[in-house]
Amino acid sequence: MIPTPASDRLARLGDALQAATAADLATTRRATARRRRTRRTGLALIAAAIAVPGAAVAATELLSTDDVAGSMPAGTLMLQGTEPSCAIVRDQVEYRCTLARAPHGEIAAGQFKGTVEPTVDRHGTVNGGCRSLSADGRDWSCYLGQAAVTQKIIGAGLLGQRSSGPGVG
């Protein structure tokens with residue numbers, strides 16, 4: 001076949017069509033892969049949300065400052081009988097609690113500052129923790145849920161676990 005201007009144009013048109021089709025196919029494959037990844041990520045997030053222990057979610061059930069105050073002695077034996085009262089710093093996240101009486105027991109008087117203790121909700125589940133702000137142990141910052149883990153008061157593995165009773169030691 002002798003090349004002519006028309007056959008050259010047809011050949012270029014064929015090459016262009018082939019290149020466009022290949023590019024379109026590559027784009028479609030990338031988009032399909034991206035959709036699959038997005039779908040997998042979405043499904044993983046849904047599965048993770050479902051798998052969150054109900055107890056960890058229970059931290060958001062503490063709607064009143066009285067519930068937070070009650071979770072302190074429920075988590076730690078030395079705080080029993082101290083009559084905590086709490087005020088909201090960030091609702092459902094952070095509370096400032098004051099004890100009517102100083103704690104007693106495993107820590108020497110005047111040595112409480114920086115002490116961390118878990119808190120336990122009314123269902124017997126570790127829902128957060130508190131850190132003593134004062135040497136006499138009467139002022140505490142308490143955090144619920146993941147905030148207690150972020151504050152390094154409790155470990156992630158402890159959040160949401162059942163408690164067999166107030167901790168000692």
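**Disulfides and strand pairing in a predicted model**

When the bonded cysteines of the protein chain are numbered in sequence order, they pair 1-2, 3-4. A disulfide is taken here as a pair of cysteine sulfur atoms within 2.5 Å. By this rule there are two disulfides. In general, a disulfide is a covalent bond between the sulfur atoms of two cysteines. The structure is a predicted model, in which local features need pLDDT of at least 70 and side-chain atom pairs count only at pLDDT 80 or more, while totals for chains, interfaces and linings use all residues. Residues are numbered from 1 along each chain as its sequence is written, and side-chain values use heavy atoms, with hydrogens and water left out.

The overall fold was described next. The secondary structure of the protein chain consists of four helices and five strands. Helices (H or I, at least four residues) and strands (E, at least two) are DSSP runs, numbered from the N terminus. Along the sequence, the pattern reads α-α-α-β-β-β-β-β-α. The protein chain has 169 residues, and 31% of them count as buried. Buried means under 20% relative accessible area, exposed means over 50%, and partly exposed lies in between (1.4 Å probe, protein chains only). The protein chain exposes about 10,200 Å². Carbon and sulfur atoms supply 59% of that area. Accessible areas come from the Shrake-Rupley method with a 1.4 Å probe, and for residues only the protein chains shown count as cover. Contacts (heavy atoms within 4.5 Å) were also counted. Among contacts between residues at least 6 apart in sequence, 54% join residues at least 24 apart.

The disulfides were then examined in turn. C86 and C97 form a disulfide, with their sulfur atoms 2.1 Å apart. This pair links distant parts of the chain: C86 is in strand β1 and C97 in strand β2, eleven residues apart. The link of C86 and C97 is right-handed, with 110 degrees about the S-S bond. C86 has 12% relative accessibility, so it counts as buried. C97 is also buried, because its relative accessibility is 0%.

C130 and C142 form a disulfide as well, and their sulfur atoms are 2.0 Å apart. C130 lies in strand β4 and C142 in strand β5, so the pair ties together parts that are twelve residues apart in sequence. The torsion about the S-S bond of C130 and C142 is about 110 degrees, so this disulfide is right-handed. C130 is buried, with a relative accessible area of 1%. C142 counts as buried because its relative accessibility is 2%.

Strand pairing was considered next. Two strands pair if DSSP finds at least two bridges between them. β1 and β2 pair in the antiparallel sense over six bridges. P84 stands opposite L99 in β2. The hairpin of β1 and β2 has three residues between the strands, and in it Q92 takes a positive phi near 70 degrees. β2 is also joined to β5. These two strands run antiparallel, with five bridges.

E94 is found in strand β2 (residues 94-99). Its bridge partner in β5 is Y143. The side chains of E94 and Y143 are joined by a polar contact of 3.3 Å. A polar contact is a pair of N or O atoms within 3.5 Å; within protein, one must be able to donate a hydrogen and the other to accept it, and residues adjacent in sequence count only if both atoms are side-chain atoms. Leaving aside neighbours within four places in sequence, E94 is in contact with I88, V89, C142 and Y143. E94 has 15% relative accessibility, so it counts as buried. From C-alpha to C-alpha, E94 and A148 are 8.8 Å apart in space, and they are 54 residues apart in sequence.

Helix α3 and strand β3 complete the account. In helix α3 (residues 65-75), the buried residues include V68, A69, S71 and M72. P73 and G75 of α3 are buried too. The cover over the buried residues of α3 includes β1 (84-90), β2, β3 (116-120), β4 (126-132) and β5 (139-144). T119 has its place in strand β3. With 2% relative accessibility, T119 counts as buried. Not counting residues up to four places away in sequence, T119 touches several residues, among them S71, M72, G75 and C130. The side chains of T119 and N127 are joined by a polar contact of 2.6 Å.
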